[in-house]
Amino acid sequence: MKILIVGYFTETSKSNIARHFPEDWDIVIVPPGKEMLHHIEDCQVIIPEHIKVDRSLLSMAKKLKLVQTGAGFDNVDIDTCTQLGIWAANAAGVNAQAVAEHVMALLLSYYKNIPFLDAFMKNRTDANHLDYVGSELKGKTIGIIGLGAIGKKVAEFCRVFDMNVLAYARNAVVQSDGFVKMTDFDNLVSASDIVSVHIPLNQQTKQLINKAVFKKMKNTTLFINTARGGIVNERDLIDALKNGDISGACLDVFESEPLPTDSELRSLGNVILTPHTAGMPDGLKFHKKRYDFFVNNIKHVENGEEPESKLNQLFNMQYKGGMTK
(Lines give C-alpha, C1' and ligand atoms only; values in the text may rest on other atoms or scores of the structure.)
Protein backbone atom coordinates (compact mmCIF):
# COMPACT_ATOMS: atom_id res chain seq x y z
CA MET A 1 0.00 0.00 0.00
CA LYS A 2 1.30 3.43 -0.93
CA ILE A 3 0.90 6.43 1.36
CA LEU A 4 1.76 9.84 -0.09
CA ILE A 5 2.58 12.56 2.44
CA VAL A 6 2.99 16.01 0.89
CA GLY A 7 4.70 18.81 2.79
CA TYR A 8 7.97 20.39 3.80
CA PHE A 9 9.81 18.13 6.23
CA THR A 10 13.37 17.81 7.50
CA GLU A 11 15.12 14.46 7.20
CA THR A 12 14.66 13.94 10.94
CA SER A 13 10.93 14.59 10.65
CA LYS A 14 10.67 12.19 7.70
CA SER A 15 12.38 9.51 9.74
CA ASN A 16 10.10 10.05 12.74
CA ILE A 17 7.03 9.86 10.52
CA ALA A 18 8.08 6.83 8.48
CA ARG A 19 8.84 4.79 11.61
CA HIS A 20 5.19 5.05 12.65
CA PHE A 21 3.86 3.11 9.67
CA PRO A 22 3.99 -0.67 9.09
CA GLU A 23 7.22 -1.75 7.41
CA ASP A 24 5.41 -3.26 4.40
CA TRP A 25 3.70 0.05 3.53
CA ASP A 26 5.31 2.26 0.91
CA ILE A 27 5.68 5.68 2.58
CA VAL A 28 6.56 8.52 0.21
CA ILE A 29 7.19 11.96 1.70
CA VAL A 30 7.68 14.75 -0.84
CA PRO A 31 7.27 18.53 -1.07
CA PRO A 32 4.59 20.04 -3.31
CA GLY A 33 5.61 20.03 -6.96
CA LYS A 34 6.49 17.73 -9.84
CA GLU A 35 7.66 14.83 -7.65
CA MET A 36 4.29 14.83 -5.91
CA LEU A 37 2.51 14.55 -9.28
CA HIS A 38 4.68 11.56 -10.15
CA HIS A 39 3.38 9.63 -7.12
CA ILE A 40 -0.25 10.80 -7.02
CA GLU A 41 -1.42 8.37 -9.72
CA ASP A 42 -0.81 5.17 -7.76
CA CYS A 43 -1.17 6.11 -4.10
CA GLN A 44 -4.06 4.78 -2.03
CA VAL A 45 -3.81 7.44 0.69
CA ILE A 46 -2.70 11.05 0.65
CA ILE A 47 -1.87 13.09 3.74
CA PRO A 48 -1.70 16.70 2.50
CA GLU A 49 0.23 19.12 4.71
CA HIS A 50 0.84 22.08 2.40
CA ILE A 51 -1.33 21.62 -0.69
CA LYS A 52 -4.87 22.05 -1.93
CA VAL A 53 -6.55 18.74 -2.64
CA ASP A 54 -8.83 19.98 -5.37
CA ARG A 55 -10.63 18.43 -8.34
CA SER A 56 -7.61 18.64 -10.65
CA LEU A 57 -5.41 16.76 -8.18
CA LEU A 58 -8.07 14.21 -7.24
CA SER A 59 -8.79 13.42 -10.89
CA MET A 60 -5.17 12.26 -11.27
CA ALA A 61 -5.33 9.95 -8.25
CA LYS A 62 -6.73 6.85 -9.92
CA LYS A 63 -6.23 4.51 -6.94
CA LEU A 64 -6.94 6.96 -4.12
CA LYS A 65 -9.19 5.68 -1.33
CA LEU A 66 -8.59 8.17 1.49
CA VAL A 67 -7.60 11.79 2.00
CA GLN A 68 -6.45 12.01 5.61
CA THR A 69 -5.86 15.41 7.19
CA GLY A 70 -5.00 16.68 10.62
CA ALA A 71 -7.56 18.73 12.54
CA GLY A 72 -8.10 21.24 9.74
CA PHE A 73 -9.51 20.26 6.35
CA ASP A 74 -10.13 23.60 4.62
CA ASN A 75 -7.63 22.53 1.92
CA VAL A 76 -9.72 19.54 0.78
CA ASP A 77 -12.54 19.51 -1.79
CA ILE A 78 -14.91 17.24 0.14
CA ASP A 79 -17.64 17.28 -2.51
CA THR A 80 -15.29 16.04 -5.23
CA CYS A 81 -13.95 13.34 -2.92
CA THR A 82 -17.51 12.10 -2.45
CA GLN A 83 -18.26 12.21 -6.18
CA LEU A 84 -15.16 10.14 -6.91
CA GLY A 85 -15.79 7.63 -4.14
CA ILE A 86 -12.88 8.74 -2.00
CA TRP A 87 -13.11 8.93 1.78
CA ALA A 88 -12.08 12.19 3.43
CA ALA A 89 -11.30 12.23 7.14
CA ASN A 90 -9.63 14.49 9.63
CA ALA A 91 -8.14 13.83 13.07
CA ALA A 92 -10.65 15.77 15.14
CA GLY A 93 -9.56 16.28 18.72
CA VAL A 94 -6.26 14.42 18.41
CA ASN A 95 -4.20 17.58 18.85
CA ALA A 96 -6.53 19.30 21.35
CA GLN A 97 -4.25 18.82 24.34
CA ALA A 98 -1.17 19.96 22.43
CA VAL A 99 -2.78 23.10 20.98
CA ALA A 100 -4.40 24.07 24.29
CA GLU A 101 -1.05 23.71 26.06
CA HIS A 102 0.52 25.89 23.37
CA VAL A 103 -2.13 28.56 23.95
CA MET A 104 -1.29 28.61 27.65
CA ALA A 105 2.43 28.73 26.88
CA LEU A 106 1.83 31.77 24.67
CA LEU A 107 -0.35 33.40 27.32
CA LEU A 108 2.26 32.94 30.02
CA SER A 109 5.11 33.97 27.74
CA TYR A 110 3.32 37.20 26.88
CA TYR A 111 2.20 38.27 30.35
CA LYS A 112 5.39 37.07 32.05
CA ASN A 113 7.58 38.64 29.32
CA ILE A 114 9.53 35.42 28.82
CA PRO A 115 10.92 36.18 25.31
CA PHE A 116 11.99 39.69 26.38
CA LEU A 117 13.56 38.59 29.66
CA ASP A 118 15.36 35.69 28.01
CA ALA A 119 16.84 38.02 25.37
CA PHE A 120 17.73 40.56 28.09
CA MET A 121 19.71 37.97 30.04
CA LYS A 122 21.46 36.50 27.02
CA ASN A 123 22.41 39.94 25.69
CA ARG A 124 24.22 40.52 29.01
CA THR A 125 22.50 43.89 29.41
CA ASP A 126 23.09 45.90 32.58
CA ALA A 127 20.31 45.03 35.06
CA ASN A 128 19.78 48.75 35.73
CA HIS A 129 18.31 49.02 32.21
CA LEU A 130 15.62 46.39 32.81
CA ASP A 131 12.13 47.82 32.27
CA TYR A 132 8.95 45.91 31.48
CA VAL A 133 5.27 45.57 32.33
CA GLY A 134 3.62 42.22 33.03
CA SER A 135 0.53 40.80 34.68
CA GLU A 136 -1.01 37.86 36.50
CA LEU A 137 -3.60 35.73 34.72
CA LYS A 138 -5.88 35.47 37.75
CA GLY A 139 -9.00 37.56 37.29
CA LYS A 140 -8.48 38.18 33.58
CA THR A 141 -11.31 37.39 31.18
CA ILE A 142 -10.52 35.20 28.20
CA GLY A 143 -12.96 35.05 25.31
CA ILE A 144 -12.84 31.74 23.45
CA ILE A 145 -14.22 31.81 19.90
CA GLY A 146 -15.23 28.22 19.17
CA LEU A 147 -15.89 25.70 21.93
CA GLY A 148 -14.84 22.46 20.31
CA ALA A 149 -12.27 20.04 21.71
CA ILE A 150 -9.47 22.63 21.78
CA GLY A 151 -11.61 25.50 23.04
CA LYS A 152 -12.98 23.36 25.88
CA LYS A 153 -9.49 22.26 26.89
CA VAL A 154 -8.29 25.89 26.94
CA ALA A 155 -11.25 26.73 29.18
CA GLU A 156 -10.26 23.90 31.56
CA PHE A 157 -6.73 25.23 31.82
CA CYS A 158 -7.97 28.77 32.42
CA ARG A 159 -10.11 27.51 35.30
CA VAL A 160 -6.88 26.42 37.06
CA PHE A 161 -5.50 29.95 36.67
CA ASP A 162 -8.65 31.48 38.23
CA MET A 163 -9.56 33.26 35.02
CA ASN A 164 -13.03 34.25 33.83
CA VAL A 165 -14.10 32.47 30.63
CA LEU A 166 -16.50 33.74 27.98
CA ALA A 167 -17.22 31.59 24.95
CA TYR A 168 -18.96 31.95 21.63
CA ALA A 169 -19.99 28.93 19.55
CA ARG A 170 -21.09 29.89 16.04
CA ASN A 171 -22.84 26.72 14.89
CA ALA A 172 -23.67 24.88 18.08
CA VAL A 173 -25.84 25.28 21.12
CA VAL A 174 -23.50 24.89 24.09
CA GLN A 175 -24.78 25.21 27.63
CA SER A 176 -22.89 27.27 30.17
CA ASP A 177 -21.47 25.02 32.88
CA GLY A 178 -21.23 27.57 35.68
CA PHE A 179 -17.63 28.35 34.82
CA VAL A 180 -17.76 28.98 31.08
CA LYS A 181 -20.29 31.68 30.23
CA MET A 182 -21.73 31.54 26.71
CA THR A 183 -22.22 34.92 25.08
CA ASP A 184 -22.64 36.55 21.69
CA PHE A 185 -19.72 37.42 19.44
CA ASP A 186 -19.81 41.20 19.92
CA ASN A 187 -19.93 40.98 23.70
CA LEU A 188 -17.09 38.49 23.74
CA VAL A 189 -14.68 40.64 21.74
CA SER A 190 -15.55 43.82 23.66
CA ALA A 191 -15.51 42.36 27.18
CA SER A 192 -12.46 40.08 27.01
CA ASP A 193 -8.90 40.83 28.08
CA ILE A 194 -7.75 37.97 25.87
CA VAL A 195 -9.42 36.70 22.69
CA SER A 196 -8.42 33.22 21.51
CA VAL A 197 -9.60 31.73 18.20
CA HIS A 198 -10.54 28.03 17.90
CA ILE A 199 -12.79 27.66 14.85
CA PRO A 200 -12.26 26.10 11.40
CA LEU A 201 -11.62 28.17 8.30
CA ASN A 202 -14.54 28.17 5.87
CA GLN A 203 -16.59 30.64 3.84
CA GLN A 204 -18.42 31.83 6.97
CA THR A 205 -15.26 32.39 9.04
CA LYS A 206 -12.86 33.72 6.40
CA GLN A 207 -11.52 37.08 7.68
CA LEU A 208 -14.11 37.00 10.46
CA ILE A 209 -11.60 38.92 12.58
CA ASN A 210 -11.04 42.23 10.81
CA LYS A 211 -10.66 45.95 11.40
CA ALA A 212 -14.20 46.38 12.70
CA VAL A 213 -13.70 43.57 15.21
CA PHE A 214 -10.34 44.88 16.43
CA LYS A 215 -11.96 48.29 16.97
CA LYS A 216 -14.47 46.66 19.34
CA MET A 217 -11.71 45.16 21.49
CA LYS A 218 -10.14 46.89 24.47
CA ASN A 219 -6.82 48.56 23.73
CA THR A 220 -5.37 46.24 26.38
CA THR A 221 -6.59 43.06 24.67
CA LEU A 222 -4.23 40.22 23.76
CA PHE A 223 -5.26 38.41 20.56
CA ILE A 224 -4.31 34.73 20.09
CA ASN A 225 -4.73 32.66 16.94
CA THR A 226 -3.73 28.99 16.80
CA ALA A 227 -6.54 27.98 14.40
CA ARG A 228 -6.10 29.18 10.79
CA GLY A 229 -4.50 32.34 9.48
CA GLY A 230 -7.28 33.01 6.97
CA ILE A 231 -9.76 33.63 9.79
CA VAL A 232 -7.99 36.95 10.35
CA ASN A 233 -7.42 39.86 8.01
CA GLU A 234 -3.68 40.05 8.62
CA ARG A 235 -3.31 43.60 7.33
CA ASP A 236 -6.00 44.77 9.74
CA LEU A 237 -4.28 42.89 12.57
CA ILE A 238 -0.94 44.55 11.84
CA ASP A 239 -2.59 47.97 11.75
CA ALA A 240 -4.38 47.28 15.06
CA LEU A 241 -1.08 46.30 16.67
CA LYS A 242 0.76 49.34 15.33
CA ASN A 243 -2.05 51.77 16.15
CA GLY A 244 -2.57 50.52 19.69
CA ASP A 245 -6.12 49.28 19.05
CA ILE A 246 -5.06 46.09 20.85
CA SER A 247 -2.16 45.40 23.19
CA GLY A 248 -0.52 42.47 21.47
CA ALA A 249 -0.87 39.18 19.64
CA CYS A 250 0.36 35.60 19.89
CA LEU A 251 0.19 33.83 16.53
CA ASP A 252 0.90 30.29 15.38
CA VAL A 253 -0.89 30.56 12.02
CA PHE A 254 -0.81 33.07 9.18
CA GLU A 255 -2.57 33.99 5.95
CA SER A 256 0.48 32.84 3.99
CA GLU A 257 2.57 29.95 5.30
CA PRO A 258 5.40 29.77 5.89
CA LEU A 259 5.27 33.37 7.07
CA PRO A 260 7.16 35.53 4.54
CA THR A 261 10.52 36.71 5.80
CA ASP A 262 9.55 40.33 5.10
CA SER A 263 6.27 40.19 7.04
CA GLU A 264 5.80 43.18 9.33
CA LEU A 265 4.69 40.80 12.07
CA ARG A 266 8.31 39.73 12.50
CA SER A 267 9.38 43.22 13.50
CA LEU A 268 6.64 44.09 16.00
CA GLY A 269 7.69 44.05 19.64
CA ASN A 270 4.20 43.28 20.93
CA VAL A 271 3.89 40.01 19.02
CA ILE A 272 4.99 36.45 19.82
CA LEU A 273 5.25 34.16 16.79
CA THR A 274 5.53 30.40 16.38
CA PRO A 275 5.65 28.59 12.97
CA HIS A 276 2.37 26.61 12.99
CA THR A 277 3.74 24.10 15.48
CA ALA A 278 1.05 24.23 18.19
CA GLY A 279 -0.38 20.85 17.21
CA MET A 280 2.99 19.13 16.78
CA PRO A 281 4.71 19.07 20.18
CA ASP A 282 6.89 15.96 19.78
CA GLY A 283 9.32 17.42 17.27
CA LEU A 284 9.44 19.51 14.13
CA LYS A 285 6.36 18.66 12.04
CA PHE A 286 5.71 15.61 14.19
CA HIS A 287 3.08 14.54 16.71
CA LYS A 288 3.05 10.88 17.78
CA LYS A 289 -0.67 10.81 18.66
CA ARG A 290 -1.52 12.24 15.26
CA TYR A 291 0.36 9.59 13.29
CA ASP A 292 -0.93 6.81 15.52
CA PHE A 293 -4.42 7.98 14.55
CA PHE A 294 -3.49 8.12 10.86
CA VAL A 295 -2.21 4.54 10.87
CA ASN A 296 -5.32 3.19 12.58
CA ASN A 297 -7.63 5.13 10.27
CA ILE A 298 -5.86 3.89 7.17
CA LYS A 299 -6.23 0.33 8.46
CA HIS A 300 -9.99 0.89 8.79
CA VAL A 301 -10.25 1.84 5.13
CA GLU A 302 -7.83 -0.91 4.10
CA ASN A 303 -10.24 -3.39 5.70
CA GLY A 304 -13.26 -1.95 3.93
CA GLU A 305 -14.52 -0.07 7.00
CA GLU A 306 -15.50 3.57 7.40
CA PRO A 307 -12.75 5.83 8.72
CA GLU A 308 -13.05 7.59 12.04
CA SER A 309 -13.75 11.34 11.93
CA LYS A 310 -15.06 10.95 8.38
CA LEU A 311 -15.91 14.18 6.56
CA ASN A 312 -18.12 12.58 3.92
CA GLN A 313 -20.35 9.56 3.43
CA LEU A 314 -19.80 7.03 0.67
CA PHE A 315 -22.37 4.51 -0.44
CA ASN A 316 -21.87 0.94 -1.62
CA MET A 317 -22.29 1.89 -5.26
CA GLN A 318 -19.42 4.34 -4.92
CA TYR A 319 -17.10 2.70 -2.43
CA LYS A 320 -15.99 -0.87 -3.15
CA GLY A 321 -14.10 -1.20 0.13
CA GLY A 322 -10.59 -2.37 0.85
CA MET A 323 -7.34 -1.42 -0.79
CA THR A 324 -5.15 -2.92 -3.44
CA LYS A 325 -1.62 -3.26 -2.19
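Biologist: What is the relative accessibility of cysteine 158?

Modeller: This is a predicted model, in which local features need pLDDT of at least 70 and side-chain atom pairs count only at pLDDT 80 or more, while totals for chains, interfaces and linings use all residues. Residues are numbered from 1 along each chain as its sequence is written, and side-chain values use heavy atoms, with hydrogens and water left out. Buried means under 20% relative accessible area, exposed over 50% and partly exposed in between, with a 1.4 Å probe and protein chains only. Cysteine 158 counts as buried, because its relative accessibility is 0%.

Biologist: How many disulfides does a search of the whole structure find?

Modeller: A disulfide is counted when a pair of cysteine sulfur atoms lies within 2.5 Å. The cysteine sulfur closest to that of cysteine 158 belongs to cysteine 250, and at 13 Å it is too far for a bond. Cysteine 250 is itself buried, with a relative accessible area of 0%. For the whole structure, the number of disulfides found is zero.

Biologist: Which strands are the edge strands of the open sheet of seven strands?

Modeller: Strands (E, at least two residues) and helices (H or I, at least four) are DSSP runs numbered from the N terminus, and two strands pair if DSSP finds at least two bridges between them. The pairing in this sheet is parallel, and the order is S8-S7-S6-S9-S10-S11-S12. The strands that pair on one side only, and are therefore the edges, are S8 (180-182) and S12 (271-273).

Biologist: Which residue in S12 stands opposite alanine 249?

Modeller: Strand S11 covers residues 248-251 and pairs with S12 in the parallel sense over three bridges. Opposite alanine 249, the residue in S12 is valine 271.

Biologist: What angle does the direction of helix H7 make with that of strand S6?

Modeller: Helix H7 (residues 149-160) packs on the sheet, where it touches S6 (141-145), S7 (164-168) and S8, contact meaning heavy atoms within 4.5 Å. Axes are lines fitted to C-alpha atoms, for helices over the stretch in contact, and angles run from 0 to 180 degrees between N-to-C directions. Between H7 and S6, the angle is about 170 degrees.

Biologist: How many of the 16 residues of helix H5 are buried?

Modeller: Helix H5 spans residues 96-111 and reaches 23 Å from its first C-alpha to its last, close to the 22 Å expected, where the expected span is 1.5 Å times one less than the number of residues. The buried residues of H5 include Val99, Met104, Leu107 and Tyr110. The helix is largely enclosed by the rest of the structure, because the number of its residues that are buried is 12.

Biologist: Which residue has its backbone oxygen 2.8 Å from a polar atom of the side chain of serine 109?

Modeller: Serine 109 is found in helix H5, and, leaving aside its neighbours within four places in sequence, it is in contact with Ile114, Pro115 and Ile272. The backbone oxygen at 2.8 Å from its side chain belongs to alanine 105.

Biologist: How far apart are the C-alpha atoms of glycine 7 and isoleucine 47?

Modeller: Glycine 7 is found in the loop between strand S1 (2-6) and helix H1 (11-18), and it is buried, with a relative accessible area of 3%. Leaving aside its neighbours within four places in sequence, glycine 7 is in contact with Val30, Pro31, Pro32, Glu49 and His50. Although glycine 7 and isoleucine 47 are 40 residues apart along the chain, their C-alpha atoms are separated by 8.8 Å.

Definitions and conventions: A polar contact is a pair of N or O atoms within 3.5 Å; within protein, one must be able to donate a hydrogen and the other to accept it, and residues adjacent in sequence count only if both atoms are side-chain atoms.
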